[in-house]
Amino acid sequence: MTQPQPDTEALKTFNAGIADEFRANAGKVGGPFDGNELLLLTTTGAKSGEPRVAPLSVRRIDGKLVIIAGYGGADIDPAWVHNLRANPRAHVEIATDSFDVIARELGVAEREEIVPKINATTSAFAEYQAKVSRVIPIFELQEDNS
């Protein structure tokens with residue numbers, strides 16, 4: 001069964017509102033994100049070369065910052081995945097901190113190790129993975145000290 005495609009224009013508007021709320025409240029956001037630690041990920045558009053901001057839930061697992069491309073259970077990867085694959089250098093805002101990162105997509109062995117830890121804290125991940133045909137990408141964000 002094919003999943004419906006996200007409405008990209010509605011998503012851009014929603015994300016812009018979340019980013020504004022995040023910045024106005026030192027990283028705290030209500031609604032569907034209440035209680036989750038969020039970050040704002042600024043990538044470089046793979047096609048446009050323009051900065052693209054995506055509010056994402058972040059997980060801290062084994063001392064690593066991890067982001068998951070669940071995309072609400074859609075059967076396609078979100079645009080930020082394509083952007084990071086084209087250019088893994090990005091910028092992150094967490095609470096009142098801001099820093100550059102290099103994103104690294106986890107390989108098969110690392111995924112197998114981390115997925116149970118994600119499932120232990122995030123019920124949505126297992127639900128999304130069960131209903132999509134794609135393997136949901138998982139990235140580690142490492143601070144870029146260069």
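1. A residue is called buried when its relative accessible area is under 20%, exposed when that area is over 50%, and partly exposed in between (1.4 Å probe, protein chains only). Asp144 counts as buried because its relative accessibility is 16%.

2. This is a predicted model, in which local features need pLDDT of at least 70 and side-chain atom pairs count only at pLDDT 80 or more, while totals for chains, interfaces and linings use all residues. Residues are numbered from 1 along each chain as its sequence is written, and side-chain values use heavy atoms, with hydrogens and water left out.

3. Asp144 sits in the segment after β6 (138-143); strands such as this are DSSP runs of E, at least two residues, and helices are runs of H or I, at least four, numbered from the N terminus. Leaving aside residues up to four places away in sequence, Asp144 touches Arg89, Asp100, Val101 and Ile102 (contact means heavy atoms within 4.5 Å).

4. The side chain of Asp144 makes polar contacts with two side chains: that of Arg89 at 2.4 Å and that of Ser146 at 2.6 Å. A polar contact is a pair of N or O atoms within 3.5 Å; within protein, one must be able to donate a hydrogen and the other to accept it, and residues adjacent in sequence count only if both atoms are side-chain atoms.
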